[in-house]
Amino acid sequence: MPRPENLFTRDDWTADRALTCDVLVIGSGAGGAVVAAELAEGGLEVIVLEEGGYHPTEEFTTHATAMVRKLYRDGGATLAIGSPPIAFQEGRAVGGSTVINGGMSWRTPERILDRWWREDGVDGVRAKEMGRYFERVEKYISAKHQDPGTTSRDNELLREGAEKMSWKVIPNIRNQLHCAGTNNCAFGCPTGAKRSTLVTYIPRALAFGARLYADCRVERLLREGTRSVGAEGRVIQPNGKPGHRFTVRAKLVVSSAGAIHTPALLGRSGVKSPSGRIGQNLSLHPNVKVLAVFDENVEGWKGVHQAYQVREFQEEGYLFAAVNIPPSILSMATPFYGRELDEIMRDYNRTVIAGMLLEDSVTGRVRVLPGGRPQAFYDLSDFDAHRLVRGTSLLCELLFSAGARRIVLPFEGMADLRGPDDVRKLFERPVHKPGIEVMTVHMMGTCAMGGDPKRHVCDSYGKVYGHEGLYISDASLFPSPIGVNPMETIMALATRNAERILDQGAALKAA
Ligand SMILES: Cc1cc2nc3c(=O)[nH]c(=O)nc-3n(C[C@H](O)[C@H](O)[C@H](O)COP(=O)(O)OP(=O)(O)OC[C@H]3O[C@@H](n4cnc5c(N)ncnc54)[C@H](O)[C@@H]3O)c2cc1C
Ligand code: SF4
């Protein structure tokens, strides 16, 4: 497969190497690709190091489990330890998690930006100041409503149910250009319609002269006192083992390795924050799913997933959406085996898989284990466990009003619901927290930005307090969860951080 100029993979390495540049960006996802493109366009010499492989659109197929092995970190089997344990997924590829995400593209809610300004002292972050960054991102990622005729019946049932309840339901804005509704977003978009950074900001960065090295895992930052001067690491071989060594010396380093790996990188490199909060403040948007079986043939795989969002309870921190999952993955995620599993999988075409996202009220943390790998820890609060039950009860009411005849719950030991009168059963027993099946794809907040070096890891523009030459531009920056899908917020903040870095561009060039 031909590769773009300036994009290198492990095949290009024949020996250990030392490289130099103005700015080194670590990670090529929502934060890293944007910051790299903006800085390269601004005239700086940029190198991007990405641990994952380069997989162009032509490689993406509907073989879900093969794509998970290729594009997800640890084959998607990552877990935050706590009660209950929370499964989470991250992308590891050129383009990061944007290659496997659902494409929902939402601006940060105004109340959240106000909170960051008011409670965390983040400068220039209110809606009127962020507007031009959102606009720029939306232009480059083609954030738009779907073309007509591309939504699936499961999504229409969700919308119909919400409308019957007179609840607010809106069509999602997605980063897509004429999406055909093949429903493969989480396994790499095979048409290129989803405008992930793989097909937007990365080509733009390369066109402006940035160099991207795939298959390159950064082990630690190079430091001189409190100044970061580059990074070192190893090229990853096809068997996952470390190969050639590299060092990259840079005048400035931007960590965009995501909310789990950025704090781990800082920790491995001995970076200390005056706040002592590197890796703290982990928010997760805990997510639960129900399976709702209908009498009609739903065939939820025929059309884009999450075409709508139910926003009626957004102020309480709940969002609902329909998310079709391929049978190979669903069969591993149900609580059934034997005849019951056979029965539920036979109903696959009549099933709506609907999920709820919760804006969480507590935080966890990321620690570096001996050997350098990160581990997330998170305990769901009793309050949030109750909110998950209440949110699920509302979602079940919606699905029954849309015509569901059976709903499988994410609560261990609870019988399926067979009609709207059963919904009250959700409140008839105490919530058993360890028995809630929770997952997430939104990890945030582990190097929070803000105005106080004693409370925050980064300043309002991502510069790490107490250090020179070190910035962060990824989901780690969020001072709090945002209650909606985070990609566009990360991209807008990255655009803003890059602008701030470019203000020092001449000084950087001269250094
Ligand atoms: C399945 C799924 C569905 C999602 N759906 C949506 C959605 O619809 N809308 C939305 O807004 N958000 C969605 N998200 C979340 C969104 O994609 C992420 O929040 C966002 O991509 C995070 O951006 P980031 O830059 O922090 O990290 P990432 O995009 O994850 O990028 C980090 C990159 O850094 C690389 N890296 C890590 N450590 C190292 C290292 N040591 N050396 C070199 N490289 C390293 C990783 O390999 C990765 O490529 C979804 C996520 C997933 C997983
Ligand atoms: S549904 Fe649309 S965006 Fe998703 S994989 Fe298919 S064509 Fe791509």
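**Entry 1: Gly 270 and helix H7**

I looked up the backbone just after H7 and found that Gly 270 takes a positive phi of about 75° there. I note here that the model is a predicted one, and I read every angle below with that in mind.

I then went back into the helix itself, which covers residues 258-268. Nine of its eleven residues are buried, so H7 is largely enclosed by the rest of the structure. I listed the buried ones: Gly 258, Ala 259, Ile 260, His 261, Thr 262, Pro 263, Ala 264, Leu 265 and Leu 266.

**Entry 2: other backbone angles**

Most residues other than glycine have a negative phi, and most peptide bonds are trans. I went looking for exceptions to both.

Asn 6 is one: its phi is positive, about 75°, although Asn 6 is not a glycine. I placed Asn 6 in the segment before strand E1, which spans 7-8.

Gln 306 is another residue other than glycine with a positive phi, in this case near 50°. I found Gln 306 in the loop between strand E13 (287-293) and strand E14 (308-310). Is Gln 306 buried or exposed? Its relative accessible area is 14%; the cut-off for buried is under 20%, so Gln 306 counts as buried.

For the peptide bonds, I noted a cis bond joining Ser 83 and Pro 84, with omega at about -10°. Pro 84 lies in the loop between strand E4 (78-80) and strand E5 (86-88).

**Entry 3: ligand 2**

I checked where ligand 2 is held and found that it sits in the largest cavity. Which residues come closest to ligand 2? They are Cys 179, Thr 182, Asn 183, Cys 185 and Cys 189, out of 13 residues that surround the ligand. I sorted this shell by class and got six nonpolar, five polar and two charged residues.

**Entry 4: domains**

I looked up how the chain is divided and recorded two domains. Domain 1 is made of four segments, 16-78, 86-142, 195-274 and 447-510. Domain 2 is made of 153-173, 285-359 and 381-437.

I took the centres of the two domains over C-alpha atoms, and 33 Å separate them.

Helix H7, at residues 258-268, falls within the 195-274 segment of domain 1. Gln 306 falls within the 285-359 segment of domain 2.

Methods. Residues numbered from 1 in each chain as written. Chains lettered and ligands numbered in written order. Predicted model: local features only at pLDDT ≥ 70, side-chain atom pairs only at ≥ 80, totals over all residues. Heavy atoms only, no water. Buried < 20%, exposed > 50% of the residue type's maximum accessible area, 1.4 Å probe, protein only. Helix = DSSP H or I, 4+ residues; strand = E, 2+ residues; numbered from the N terminus. Near = heavy atom within 4 Å. 1 Å grid on protein atoms, 1.4 Å probe; cavity = no way out; pocket = protein on both sides within 12 Å on 5 of 7 lines; lining within 4 Å. Sits in = over half its atoms within 2 Å of the grid points. Nonpolar A, V, L, I, M, F, W, Y, C, P; charged D, E, K, R; others polar. Domains from an automatic or database assignment.
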